[in-house]
Amino acid sequence: MKATARAQPNIALIKYWGKRDVDRNLPAVGSISITLADLSTTMSVEFDASLRNDTLSVNDRDKPAMLPRVSACLDNVAGKQREAARVISSGNFPIAAGLASSASAFAALVVAADAATGAGLDTASLASLAGAASGSAARSLYGGYAELTNAGDDVAVRSLRSADEWPLSVVVAITATGPKAVGSTEAMEISRKTSPFYSRWVEQQELDLAEARAAIAERDFGKLASVAEHNCLKMHSVMWGSRPPVVYWNSATLACMQTIRALQARGVAVFFTIDAGPQLKAVCEPADEAQVREALTATEAVQDVLVSGLGKGAAQVADG
Ligand code: PMV
């Protein structure tokens with residue numbers, strides 16, 4: 001009744017922002033992401049009849065505040081009549097800072113819980129269970145390039161390409177640590193209800209998805225760079241146009257953006273994307289990784305830089 005799984009965060013190149021059904025956590029738009037290799041969350045789930053309630057430890061600390069979402073996700077995988085569970089999570093990167101820690105956490109949680117119950121659900125079912133907990137988590141079930149599409153009253157995720165077929169590097173510039181000011185669910189609802197740009201954002205998403213899909217099929221870096229930056233800045237424009245405004249950037253985020261523009265002006269194949277947090281993620285060809293890392297490290301107020309290739313989807317690992 002115990003199993004352990006590991007999952008990597010994913011970074012959306014065509015973003016999910018806004019929900020069409022808050023209760024069921026269904027996104028308003030499709031999205032395309034890349035799954036990282038070197039950042040990960042390892043999660044063990046042990047169902048134990050002697051426990052009275054679920055317990056959760058994250059990086060060796062009890063985290064009762066995060067428990068309701070975890071328990072609800074376990075109910076979805078194992079049924080409400082399940083035994084209570086001991087959940088132990090550990091990650092090698094900061095949580096709740098716009099680095100998609102919830103994506104890797106819930107992807108690992110559903111895989112571990114499924115293995116612990118012995119149900120053996122398929123990847124598509126696990127993706128939709130992870131997505132019910134955190135929209136972006138559905139994509140971390142798949143490696144490389146993944147697309148999430150709305151399918152009836154559910155989501156469907158598929159792999160567009162493996163990491164090996166088009167290996168790119170991701171350089172993450174950490175500009176602030178600590179939890180973000182507004183959680184993504186609350187911020188998405190503020191945008192949906194108040195941003196004058198929200199409806200256009202939803203209407204246009206299919207165009208960006210088609211362009212990114214084609215760029216990935218053709219392995220056309222310039223095309224992917226152009227549509228990914230456009231889609232990212234459009235999402236943040238929706239947020240900035242909300243009331244109250246949702247602004248995740250700080251001055252170092254903008255300084256990093258200028259660093260990327262300077263690299264591009266020198267002919268380096270690199271582009272940026274930014275999620276619901278102040279970190280900037282630069283995507284580049286592996287050959288340019290060292291100079292992108294160097295340039296971001298030298299950018300004012302950057303606290304740390306993490307580097308990762310693209311990796312595989314969530315999977316069970318040996319218990320230990
Ligand atoms: O999965 P959530 O609810 O944390 O939302 C993720 C939202 C973005 O990271 C901003 C975009 C995305 O598609 O991952």
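Modeller: What follows goes through the labels one by one. This is a predicted model, in which local features need pLDDT of at least 70, side-chain atom pairs count only at pLDDT 80 or more, and totals for chains, interfaces and linings use all residues. Residues are numbered from 1 along each chain as its sequence is written, and side-chain values use heavy atoms, with hydrogens and water left out.

Biologist: Why is T42 called buried?

Modeller: Buried means under 20% relative accessible area, exposed over 50%, and partly exposed in between, with a 1.4 Å probe and protein chains only. T42 has a relative accessible area of 17%, so T42 is buried. T42 belongs to strand 6 (residues 41–47); strands (E, at least two residues) and helices (H or I, at least four) are DSSP runs, numbered from the N terminus.

Biologist: What makes a polar contact with the side chain of T42?

Modeller: The side chain of R6 does, at 3.0 Å. The term asks for a pair of N or O atoms within 3.5 Å; within protein, one must be able to donate a hydrogen and the other to accept it, and residues adjacent in sequence count only if both atoms are side-chain atoms.

Biologist: Which residues are in contact with T42, leaving aside its neighbours within four places in sequence?

Modeller: They are T4, A5, R6, I88, S89 and S90, where contact means heavy atoms within 4.5 Å.

Biologist: How do you know that strand 1 and strand 16 pair?

Modeller: Two strands pair if DSSP finds at least two bridges between them. Strand 1 (residues 2–7) and strand 16 are joined by 3 bridges and run antiparallel. In this pairing, R6 stands opposite A315. Both strands belong to an open sheet of 6 strands with the order 8-7-9-6-1-16 and mixed pairing.

Biologist: Why are strand 8 and strand 16 placed at the edges?

Modeller: Strand 8 (61–62) and strand 16 (315–317) each have a single partner strand, so one side of each is left without a neighbour in the sheet.

Biologist: What are the distances from the ligand to the side chains of R139 and D275?

Modeller: An oxygen atom of the ligand is 2.8 Å from an N or O atom in the R139 side chain. For the side chain of D275, the corresponding distance from a ligand oxygen atom is 3.5 Å. The protein covers 91% of the 380 Å² of accessible area that the ligand has on its own, by the Shrake-Rupley method with a 1.4 Å probe; for residues, only the protein chains shown count as cover.
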